[in-house]
Structures are given as C-alpha cells and as structure tokens.
Amino acid sequence: VQEEHDLICKAQEYDPVAFGRIYERYYNGVYKYIYYRVGDQSLSEDLTMEVFLKAMEAIDTFTFRGVPFSAWLYRIASNLVVDHFRRQPAQSTLSLEEKMLLGVDVPVQQLDSQFTHEVLRQALAELTEDQQQVIILKFVDGLSNVEVAQILGKTEGAVKSLQHRALASLGRVLGESGEVLA
Amino acid sequence: VVKSSLEHLLDACIAELNSGIDLEAVLAAHPDHADELRPMLAAVAWMQLDIPPPARRVERKGLFMNAVAKRRRLVESTEGYIVELKAGVPLEELLARAEASQHPMLIAAYRMATTEPPAPSPEKVAAGKAMILALAERKRAERRAAASRHALLRGGVLEVVRGLRAGPTLGRRVWSGTVAMAVAAIFLGAGLAGVGHAAASSLPGEPLYGVKRLRENARLWLTLDEADRADLYVRFSDDRLREILKLAAGDRPVPADLLLDWLNGRPDLDVEVGTLSAAQQALLAQLVRDQVTPAARRELQAGLARPAALDELVAWSDGWLAAAAASARPASPPVQEPEQPFDTTLLPGPRQQPQGELGQARSDVPVKPAVPRRVDGPVPAPSAGDSANVLPPVQSAADDPRASDEDEDEKKPGYAGTEPGDEGTPPPYGQPGIDEPEATPPPTSPSGSGNQAPAPGPPAEP
C-alpha cells in the first residue's frame, strides 16, 4: 500500500518513471476488463490506452481514501466502455461463428482458446451490468470482494450476492450452450 | 353522531373480515343486508388484500426469514468454494462437496478464472507506454515552468525590486512621483483618458510610447506594497518582451534599452524564454545572434543588474540556432536581409534615456554584412556617435499575435499574458496563438543552468 502511495505521489508530479510503472502494473488488468466488456482486441487496446491517458489527465484529482488505485482505473475503464457503447450502440463485434462464416481469417491454433473466451464473453453479455463487472473483476482480474465493492460502490455482502446470481446465470447460459459442462 | 344500525352492522362485518373470515361467509351471515353490504365490504376486502391478519403475518415473516437465511447460506457457501477455487483447489474436489445446484456456477467460475483473453499486441502496448511517458514528460515541464513563473512573481522578483530599484532610487522615486502627478494632471485635467489606452498599444518609436512608459513609472511609484510592485515589474518586463518580438516581427528597429529593460525585469531567463512559442523563440534567437556582438555585449552588460543574464541569453540563442541548423528542415523563419543599415556594435544607452529617442534608426551606422553573424573576435570599439541604442530589425515569417498590444491595466497583477478564453486578446506566453505559425519546436533553456526547462535539442518537424 505504501509503495502504491509513493508511486501515485510521484505520478502526481508527472514523473515519467512513475507513470511507466503504473502503466506496466495495471495494463493487463484494465485490458482484460475492457476486452470482456467489448469483445474486440483492437478496440480493447485503444480503450485501454485511453484509460491511461485519462488517468494521467486526472491524476491530480485522485486522493487516497482507502480505495486502491486500481479501483480508480477500473472506474475510468467502466465509464469509457459505457461511453463507447453509448456512442456506437449499433456496432457489435462479430462472434467467432460469424467470423468463420464470413471468411474472416482466424488462425487455426487460436481457434480453441478463442472459441472458449468467445463463448464466455457472449455468456457474460447476457448478465446485467453489475453482474458482468463482478465476474470480470473477480475472476479475470482476480480482485477481492472488498476491492470489487470499492470499485462498484457497493457493500461486500452485495458483491457476494451479485456474484452468486451472476454465476448462476452464467452457469445456466453456458450449460444451455452445451460448452461448459461438456 | 349516532351510528345507524347499518353502520354498526358494517363495522361488525369489517371486523369479521379483518379476523380472516371470507367475504362471502360474512355476507351469508347477513342475508337481509347482503346487497347493501357487498360493495362496501368488497372495497374493504380489496384494500386489505395485502394486509394479512397478524397471525398469518407472523407465519409469513418466519417463512421469509428462513428463505433469506437459506439464501445467505448458499451465497456464503458459493463464496467459500470460489475462494478455494481461486486458491488452487481442484475443481473436481469442489464439485464433489458442493450441492448439485452449485455445480454450474463453480464450473462457470473455473472457466472464467482460467480462460485468458487474447493478449494485446506488444507493439501497441509499447507504443502506448512511449506515449504516456512523453506526455508525462511534457506535463512535468509545463508544471515546472508554471511553478517557476509563480515563484518569480512572489519570490525572486522581490529581490529584483529591492536590489535594483530600492537602493539608489530615492531621487528616482521623487522624480517618478513628479512624473506621476504630471501624468495624472494630464489625464484628469486635460480629459485625455483615452490617451492612456491608446498609449498602451504603442511601440517604441511611436509618439505615445513615452506616455506609456510614464504611466508605468507612475504606477510603480504609486504602488507601495513590494509584492505588488514586483508583480508590476514582471508585467512591464513582459510588455518589453512583447514589444521586442513585435518590432522584430514587423521588421522594425529594436532599441537596445528595450532589451535591457526586459532582462532587468527577469531574474531567471529560463522561465521566460522557455515559455515562448517556437516562432517567438526563432525571432528572439535570430535577433540575439544578429545584434548582440561581443562588443555590444559588453556595453549591454554594463546596463544590466545581472550581467550574466545576457550571457545566458546568448548561450541559449547559440544552442537554439545550432539545433535548428542541425535539423533536416529549416527550423526557423527565413531571415531577410534588412533593407536599411544597422548598428553592428549595438551600443546600449543609459537606462533613463528619454523614451522618445529610443527606437530611432540611425543613418550613420555601418552597413550590415550579407549574413549577419556575431563576431567572436575583437571588435573595434564603437565611436561615440554609435550609441544609437538600436537593435536592427529581424524579419519574421509572421507577426506575433502575442505582441498585439492591449492595456494591461485591467489585468490582475503578476499575470503576464491574458486569461484563457479572453476573446480578441493574445494568449499567454507558451500557449499557441490563434494565427501563430506552427514553427519549429526549439530548444528552450537559455542557459546551461536551466534545469527546469527541456534541454536544448534539434527542432522537431512542425
């Protein structure tokens, strides 16, 4: 915690080294979070970059109130994703099946893993906004209930409850797809 | 009010309804009044539909609480399995212990935790990091420049005020006070308030420029607070730099006094030069290169409270021009040869020389060489007649929008530029003007000691 505090303090002085460390430390988590929300690699990369640019612009406004810095970044990411869908509601990414049908080149060696996370992503899309966030933050980014609660502005009990309902829905959707239980 | 028999009967029936007796049973017990009672009792029954009798309420609450407790146990149980799953306990082991209803949830959680999305492109990650670092560097430089500027306003300039002006200036202040009263008499008595505004936009060599400087001196004399006076010095120094840049951009002679006044108002050149736009730095660098010859340098330094300021300025100019020359493309606007001859020796005049004599080009000065260069070797001492106090013109590609003149009397003290958003007024130093050419980004620090400004380097492409 103290290390993160020092890092952010340096970043607030626009120390490039500190920003480099922040970028390296949080990039993967933010990227995964965004990927499972938007389902497109290139778009996720762009939005992830935008998250860090916005974080830099607003780093002065970040204050330590017991909330981890990552929570702040995820909140920026969440807002960006919402804004993205608000701007382009009609544009949705092609599913793997649609890509294959349309002849989009998908490397064979990536088919298995891509199929799996594509199925998961589509199952996630069936969940509510809060449920999606809980599942992604807990299982993709590996955050604790406390951290997820801080990001979502909910109690820890509410997060557990959301997680339970989300997993129930996710299990049902995946079970119906015939993939998860196979 | 005495209740009628029907009202008593209605009360009794409502009580029966509240006790849980069915509506039809209540009506059946009073067949003679059933038709009259039915609509009223039906309304009562409808209104009390969601209000079960106390006994039933207790029973329902118990059922509800049991359901909540069961749900909570299930949620906690799932959470426990999730914790174990994330800790690495095999899925099969968890499935063996969990209830059948939890199996899909645990499998879904396992899939989510173990499935990686496609990795981001390493090139994009690296490019993003480079962009972040570059932006952070730029923001840090901006912040430091702003901080230094602020420190100048409230700190360093005070020293200038005390050191430069306070000591030998009893007579000067008396003189300035006399001037102030004279100016006030002119403005108030003769009703020439508009002259002040017009004078504010004047440049050296113009008729009203002397009035402008008199007003400044009057304001300095009338300002008793040292901090406020320091702010005024900074503002007036900013004005001098604007005037220099505007004269240079307009191919007009630049009086040496103007340069001295600017430098004397600035204890730290790093900040001032570093915050100029690229086009302005190009103008200034060329002006210094062309006019501050070694001989002129000595003369100019004699008029400076901090002679090293001129050395720093020359060093900055040399670095800027060297970097520009090293660039693949021309770094600065082309320098046109001045049509009129100029004074290569650049003799500074006395600090209190009457303003009306400044900026007047002389006709008896030596002819400028084809390519103006500062001469590093010995230079013949200037003759007495060469004290023309004139910096010859430097041609600019575009006029400097920041050099547009406005009466800064209404500006807050210590602010050298204009407020963002001001329409029709030039932006502060360091911010691009509306019609300012995107010139070559240049080195910024005027001296090697300038650790707060970006190090000199080759100009980038516009």
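**Figure 1. R235(B) sits in helix 11 of chain B.** In this predicted model, R235(B) belongs to helix 11, which spans residues 226–249 of chain B. Is this arginine buried or exposed? R235(B) counts as buried because its relative accessibility is 2%, below the 20% cut-off used here.

Figure 2. Most residues other than glycine have a negative phi.

**Figure 3. Helix 1 of chain A and its buried residues.** Helix 1 covers residues 2–12 of chain A, and its buried residues are E4(A), L7(A), I8(A), A11(A) and Q12(A). Why do they fall on the same side of the helix? They cover an arc of only 135° around the axis, so they share one side of helix 1 of chain A. An α-helix has 3.6 residues a turn, so residues three or four places apart point the same way.

**Figure 4. Y14(A) follows helix 1 of chain A.** Moving past the end of helix 1 of chain A, we come to Y14(A), in the loop between helix 1 and helix 2 of that chain.

**Figure 5. The largest nonpolar core and the surroundings of I34(A).** This core has 72 residues, and those with the most contacts inside it are I34(A), F52(A), F69(A), L73(A), I135(A) and L170(A). Which element gives the core its largest share? That is helix 2 (residues 16–38) of chain A, with 13 residues. For a closer look at one member, leave out residues up to four places away in sequence: I34(A) then touches G39(A), S44(A), L47(A), T48(A), V51(A), A77(A) and V81(A). A second, separate core of 32 residues includes L245(B), A248(B), L310(B) and W320(B). In soluble globular proteins, nonpolar side chains tend to be buried together.

**Figure 6. The contact between chain B and chain A.** How many residues does each chain bring to the contact? Chain B brings 36 residues and chain A brings 49. Together the chains bury about 3900 Å², and carbon and sulfur atoms hold 67% of that area. On the chain B side, M112(B), I132(B) and R143(B) supply 17% of the area buried against chain A, more than any other three residues. For the complex, the predictor gives an ipTM of 0.76 and a pTM of 0.43.

**Figure 7. Chain A from end to end.** Chain A has nine helices and zero strands. Of its 182 residues, 51% are buried. Among its contacts between residues at least 6 apart in sequence, 61% join residues at least 24 apart. The accessible surface of chain A is about 8500 Å², with 51% of it on carbon and sulfur atoms.

Figure 8. Chain B contains 16 helices and two strands, and 44% of its 462 residues are buried. Chain B exposes about 23000 Å², to which carbon and sulfur atoms contribute 60%. How confident is the predictor in chain B? The mean pLDDT is 66, and 55% of the residues in chain B reach 70 or more. Among the elements of chain B, helix 2 (residues 23–28) has the highest mean pLDDT, 90, while strand 2 (residues 390–391) has the lowest, 42. Over residues 334–462 of chain B the pLDDT is below 50, and beyond near neighbours in sequence this stretch has 307 contacts in the model. Where pLDDT is low, the predicted coordinates should not be read in detail.

Terms used
Residues numbered from 1 in each chain as written. Chains lettered and ligands numbered in written order. Predicted model: local features only at pLDDT ≥ 70, side-chain atom pairs only at ≥ 80, totals over all residues. Heavy atoms only, no water. Core = buried A, V, L, I, M, F, W, Y, C linked by side-chain atoms within 4.5 Å. Buried < 20%, exposed > 50% of the residue type's maximum accessible area, 1.4 Å probe, protein only. Helix = DSSP H or I, 4+ residues; strand = E, 2+ residues; numbered from the N terminus. Contact = heavy atoms within 4.5 Å. Areas by Shrake-Rupley, 256 points an atom, 1.4 Å probe, with all protein chains shown as cover. pLDDT = per-residue confidence, 0-100. Arc of directions from axis to C-beta. Buried area = accessible area lost by both parts, 1.4 Å probe.
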